[in-house]
Amino acid sequence: IVDFEDMKDYGWARESVEKLVELGMLNGISKSSFAPGLNVTRAQFAKMMCKVFGISQSNSKSSFDDVLADLWYSGYVSGLYNSGYIAGVSEHNFEPDGNITRQDAFTIIYRILSDKGLCNNATSSASYDDWSDVSDYAKDAVSAVTTMQLVKGDGGKIMPKANMTRAEAAVIMHRIYMEVKQ
């Protein structure tokens, strides 16, 4: 049984974290700490998506100058990039240590779900107070993941440009695993 000491204020994410750790899809930052409030980096999110969707790592050389072959995340980034699921922050940079925004995470999830025929392709605009903050490129993705209830928002807001936390990522991964992959 997983018992992270820092999950006390994250009851809404506890079950998701425990299940994903049990399945080997997520790890804590130590035996006693999950760090649920820490932001997820772009490299960490790439690994999470490969794990939850069963996407193979790629040994091919990355097309990004800042993703070197000997780094822990290079296979995950290359696997997602070669499948067309992720893009860089520019043509030559992925920015692996940069935080991933919620709308960028939703966009990656949407691309994977759509490619695998697992998305219901919802196109209605979501009814969130901050819907106007969603970037145009992410509107279909945000609409789809909210319609599928993989993301539920908080207090009437979707917070598209906020950084995704480890707890939020765990909950979304768990919902994908339980609702979509099963």
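Which residues of the largest nonpolar core touch the most other members? They are Phe 45, Met 49, Leu 80 and Ile 109, in a core of 59 residues. A nonpolar core here is a set of buried Ala, Val, Leu, Ile, Met, Phe, Trp, Tyr and Cys residues joined through side-chain atoms within 4.5 Å. Buried means under 20% relative accessible area, exposed over 50%, and partly exposed in between, with a 1.4 Å probe and protein chains only. At least two residues of this core come from each of helix 1, helix 2, helix 3, helix 4, helix 5 and helix 6. Helix 6 gives the largest share, nine residues.

The model is predicted, and local features need pLDDT of at least 70, side-chain atom pairs count only at pLDDT 80 or more, and totals for chains, interfaces and linings use all residues. Residues are numbered from 1 along each chain as its sequence is written, and side-chain values use heavy atoms, with hydrogens and water left out.

Leu 80 is in contact (heavy atoms within 4.5 Å) with Ala 46, Met 49, Cys 50, Ile 55, Tyr 85, Ile 86 and Ile 112, leaving aside neighbours within four places in sequence.

Helices are DSSP runs of H or I with at least four residues, numbered from the N terminus. Helix 4 covers residues 102-115 and reaches 20 Å from its first C-alpha to its last. Ten of the 14 residues of helix 4 are buried, among them Phe 106, Ile 109 and Leu 113.

| Partner of helix 4 | Residues |
|---|---|
| Helix 2 | 42-53 |
| Helix 3 | 74-82 |
| Helix 5 | 139-147 |
| Helix 6 | 166-180 |

The axes of helix 4 and helix 5, lines fitted to C-alpha atoms over the stretch in contact, come within 8 Å and cross at roughly 75 degrees. Helix 4 is therefore roughly perpendicular to helix 5, a term for angles of 65 to 115 degrees. On the side of helix 4, the contact is made by Gln 103, Phe 106, Thr 107, Ile 109 and Tyr 110. Helix 5 contributes Asp 140, Ala 141, Val 142, Ala 144 and Val 145. After helix 4 comes Gly 117, whose phi is positive, near 70 degrees.

Gly 37 lies in the loop between helix 1 (11-22) and helix 2. With 42% relative accessibility, Gly 37 counts as partly exposed. Gly 37 touches Tyr 10 and Thr 165, not counting residues up to four places away in sequence. The C-alpha atoms of Gly 37 and Met 7 are separated by 9.3 Å, and the two residues are 30 residues apart along the chain.

Notes: The expected span of a helix is 1.5 Å times one less than its number of residues. Axes are lines fitted to C-alpha atoms, for helices over the stretch in contact, and angles run from 0 to 180 degrees between N-to-C directions. Angles under 35 degrees count as roughly parallel, over 145 as roughly antiparallel, 65 to 115 as roughly perpendicular and the rest as oblique.
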